[in-house]
Amino acid sequence: MLTAPIHADGGNWEVPRIVDYSVAQAAYALTNSSLWLPGLLDPIEIPMVPLNQIASRGLPHRDLTDPPPRGPFIKDRPSPTATYPSLWSHDAKKETKIVCEPDSQLHARQGMEKQAKRKAATASRCHHNEDFRYNSQPLSVAFTERIAIGGSAWKSIRFENNRFDFAFALWGNSALGLLMHWWRSSRQQPGRGRITIRALESLPTLDLRALSDDQLSRAEHIFNDFREVEFQPAYIADLDSSRAALDRAVVCELLGFEAAVYEAVRGLSAKWAAEPSVRGSKRRPDGSLAV
């Protein structure tokens, strides 16, 4: 039997459209700071918090570019000299690496410069995928070298401690980060998970405040090792050697768990990738379809 509580805050009910309920059990446990992995007898404590306890998020795109008085910006093509660069839309072919280039720039409307500057304060280097197509897109979290404003497809995530940026980008794109995105997303369309503003604020994530200075330094080192690494779409995370290497780096090098925990995480990744809500109708490299 499986107990599936409904959120008191009125958020999504996560359990519909799940084939393997051990994935649901692992996801629910992780939201409660317990790494309960299939095949391991004892749960492992891991610090987790809602994202809004450690970070602030960007604005809905309508607050940026809707007609005045709501939107102080006009969106334009990207430029290396942009005052307000933006990671606005999705282009899966350009989002295969954790480090991405802004795809747009925003111009302040005449007479609305103060409003533009105030809203641009939400810009950051980390950006969360609001509309994640698991069967075509690799990234849950993108990183921009320059701070940029998130747009329609991406929401900027701003930390007071900018050292958290590196750890968050690693965590978000690991198997456990993908699991949390999927768990809190709306899965109304196969192969796709949409995160609303409200769900993003309550997204369970690793409590980066619990990481030591040494771990944060290690996170930056690992990030630099992976900045040029190409990732495959999330729905084949279990077959992607780059994702496996990232999982090992996060689980073993950053968090300090044993190799057995890494192997169990990879097993969970395979279970997650087998879910119809992740694969949709997309064929895998071996020709198989969703369960």
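Start by selecting helix α1, residues 21-31, in this predicted model. The buried residues of α1 pack against β1, β3 (48-50), α4 (164-173), α5 (175-184) and α9 (259-273). To see which side chains those are, show Ser22, Val23, Ala24, Ala26, Ala27, Ala29 and Leu30, the buried positions in α1. As background for reading that list, an α-helix has 3.6 residues a turn, so residues three or four places apart point the same way.

Two packed helices are described by the angle between their axes and the distance between the axes. Here the angle between α1 and α9 is about 120°, and their axes are 9 Å apart. Angles of 65 to 115 degrees would count as roughly perpendicular and those over 145 as roughly antiparallel, so α1 and α9 are oblique to each other. The crossing of α1 past α9 is left-handed. Which residues meet there? From α1, take Ser22, Val23 and Ala26; from α9, take Leu268, Lys271 and Trp272.

Now walk off the end of α1. Ser33 follows this helix and sits in the loop between α1 and β1 (34-35). Check its backbone: phi of Ser33 is near 65°, a positive value in a residue other than glycine. Is Ser33 buried, partly exposed or exposed? With a relative accessible area of 22%, Ser33 is partly exposed.

Next, switch to a cartoon view and find the open sheet. This sheet has 7 strands with mixed pairing, in the order β4-β11-β8-β10-β6-β7-β5. At its edges are β4 (56-57) and β5, each of which pairs on one side only. Strands of a sheet pair through backbone hydrogen bonds, either parallel or antiparallel. For a close look at one pair, select β6 (residues 85-87) and β7 (residues 104-108): these strands run antiparallel and are joined by 2 bridges. Ser86 has Ser104 in β7 as its bridge partner.

With the sheet still displayed, bring back two helices. Helix α3 (residues 113-120) lies across β5, β7 and β10 (141-150), and it runs at about 65° to β5. Helix α4, already seen as a neighbour of α1, lies across β8 (124-129), β10 and β11 (154-158), at about 135° to β10.

Move on to helix α2 (62-65) and pick Asp63, which lies in this helix. At 19% relative accessibility, Asp63 counts as buried, because the cut-off is under 20%. Leaving aside residues up to four places away in sequence, Asp63 touches Arg70, Gly71, Pro72 and Lys119.

Finish with the cysteines. How many disulfides does a search of the whole structure find? The search returns 0. Select Cys100, which is in no disulfide, and then Cys126, whose sulfur is the nearest cysteine sulfur at 11 Å.

How values were computed: Residues numbered from 1 in each chain as written. Predicted model: local features only at pLDDT ≥ 70, side-chain atom pairs only at ≥ 80, totals over all residues. Heavy atoms only, no water. Helix = DSSP H or I, 4+ residues; strand = E, 2+ residues; numbered from the N terminus. Buried < 20%, exposed > 50% of the residue type's maximum accessible area, 1.4 Å probe, protein only. Contact = heavy atoms within 4.5 Å. Pairing = 2+ DSSP bridges. Axes fitted to C-alpha atoms, helices over the stretch in contact; angles between N-to-C directions. Disulfide = S-S within 2.5 Å. Parallel < 35°, antiparallel > 145°, perpendicular 65-115°, else oblique. Left-handed = near helix turned anticlockwise from the far one by under 90°.
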